[in-house]
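Student: Please take a close look at one part of this structure with me, starting with a single side chain and what it touches. After that, I'd like to hear about the charged groups, the rings and the sheet.

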Amino acid sequence: MRLENYGRNGDTEIRNVGGSPAHVNTWEAYMIDNYGKMGENITQASGSGTTNPRTGLKEYDWRYTDPLSLHHATDYLEEAWDWITNESEAAQIWNYVMPVGGTDPFSSDPSETTLMEREAGKVMGGAITNLQEQYQQVIGPGGTMKQQRDITEKGLGTKRDVAMQDIMGKRRGITKAGEGITSKSNLVLGEVQSDIDRQQGLLTSAGKVVGQEYKTGMETTALSYQKGRSDFVANLKKQMADLLISYQQATGEAYGGDWEETTSQWG
């Protein structure tokens with residue numbers, strides 16, 4: 001036989017409670033399915049705990065078919081309420097599933113709403129933390145974007161230094177070659193000096209080109225860094241805006257966390 005068909009007073013489900021199958025109603029089944037042992041504790045506190053005469057199983061109906069008629073079971077409900085709000089494990093699940101200021105422990109609607117809002121808040125908080133971590137990893141001190149800029153600038157500096165060392169070496173060689181010509185005629189010495197001056201001029205121009213290339217490279221790197229940083233921050237802000245919109249659509253209210261403090265740090 002289907003045991004759930006023999007439940008009384010609204011008990012239409014069978015769930016394990018305290019290690020044994022028992023008759024429960026749909027709300028209690030929801031609590032057990034979603035919160036395990038804590039759901040069982042709530043069921044034991046709020047249900048009757050009597051024995052079903054047809055199946056021999058424990059039953060946790062609410063004794064009255066209209067659970068909102070609280071005046072019918074004042075003593076019983078006060079006892080259950082005291083257990084729910086004072087026992088640490090029960091209080092933990094109760095405070096989690098009931099809305100702030102909620103007074104009806106038998107309504108599943110507020111619980112589902114609160115669960116959704118709390119879950120959305122957790123997701124929102126985790127997402128904001130993730131965005132902040134992205135900012136620190138990419139743009140913050142020692143971030144990947146700054147590291148890449150440093151590497152590029154160092155490469156430009158090394159390239160400039162190597163080129164200038166080559167030019168200075170050639171300068172020294174030309175000067176030394178000119179100093180070795182002392183026995184030539186004035187005409188020959190004049191021609192040699194003219195050639196030396198020409199080569200020195202070429203090296204000077206080459207040095208200026210190296211310097212200009214370095215300057216241009218550094219400026220380009222700085223502009224690229226600033227653009228990359230701006231684009232990255234703009235993307236973070238867009239993600240934040242999408243999160244805020246999604247949260248409001250899911251909960252029907254604006255997110256009240258400290259997201260403004262987070263975005264203000266991004267500049």
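Tutor: Happy to. Leaving out residues up to four places away in sequence, Tyr135 touches Gly140, Arg229, Phe232, Val233, Leu236, Gln265 and Trp266, where a contact means heavy atoms within 4.5 Å. Bear in mind that this is a predicted model, in which local features need pLDDT of at least 70, side-chain atom pairs count only at pLDDT 80 or more, and totals for chains, interfaces and linings use all residues. Residues are numbered from 1 along each chain as its sequence is written, and side-chain values use heavy atoms, with hydrogens and water left out.

Tyr135 sits in helix α4 (residues 108-138); helices here are DSSP runs of H or I with at least four residues, strands are runs of E with at least two, and both are numbered from the N terminus. Tyr135 counts as buried because its relative accessibility is 9%: buried means under 20% relative accessible area, exposed means over 50%, and partly exposed lies in between, using a 1.4 Å probe and protein chains only.

Under the ring rule, the count comes to one aromatic pair. It is formed by Tyr247 and Tyr255, edge-to-face, with 5.1 Å from centre to centre and 80° between the planes. The rule takes the rings of Phe, Tyr and Trp (its six-membered ring) as paired if their centres lie within 6.5 Å; planes under 30 degrees apart are stacked, over 60 edge-to-face, and the rest tilted. Both Tyr247 and Tyr255 are buried. Two arginines also lie over tyrosine faces: Arg149 over Tyr225, at 4.8 Å from the ring centre, and Arg160 over Tyr214, at 4.2 Å. For this, NZ of Lys or CZ of Arg must be within 6 Å of the ring centre and within 35 degrees of the ring normal.

Now to the charged side chains. The structure holds eleven salt bridges, each a side-chain nitrogen of Lys or Arg within 4 Å of a carboxyl oxygen of Asp or Glu. Among them, Arg8 and Glu59 meet at 2.3 Å, N to O. This pair links distant parts of the chain, 51 residues apart: Arg8 is in the segment before β1 (13-17), and Glu59 is in strand β4 (residues 58-59). Arg8 is partly exposed at 35% relative accessible area, while Glu59 is buried at 0%.

Asp195 and Arg198 form another salt bridge, at 2.8 Å, N to O. Because they are three residues apart in helix α6 (residues 186-251), about one helical turn separates them. Asp195 is partly exposed at 30%, and Arg198 is partly exposed at 48%.

Glu13 and Arg15 also form a salt bridge, their closest N and O atoms being 3.7 Å apart, and together with Asp33 they are linked in a network of salt bridges. Glu13 is partly exposed at 25%, as is Arg15 at 22%.

Glu28 is buried without a salt bridge, and the nearest side chain of opposite charge is that of Arg15, 9.8 Å away; Lys and Arg count as positive and Asp and Glu as negative, with His and the chain ends not counted. Beyond its neighbours within four places in sequence, Glu28 is in contact with Asp11, Thr43, Ser46, Gly47, Tyr60 and Trp62.

Four strands form an open, mixed sheet in the order β1-β2-β4-β3. β1 and β3 (50-51) are at the edges with a single partner strand each, so one side of each lacks a neighbour in the sheet. Strands pair if DSSP finds at least two bridges between them. β1 and β2 run antiparallel and are joined by five bridges; in one of these, Asn16 has Pro21 in β2 as its partner. The two strands make a hairpin with two residues between them, and Gly18 in the turn has a positive phi of about 65°. On the other pairing of β2 (residues 20-24), two bridges join it to β4 in parallel, and Ala22 has Lys58 in β4 as its bridge partner.
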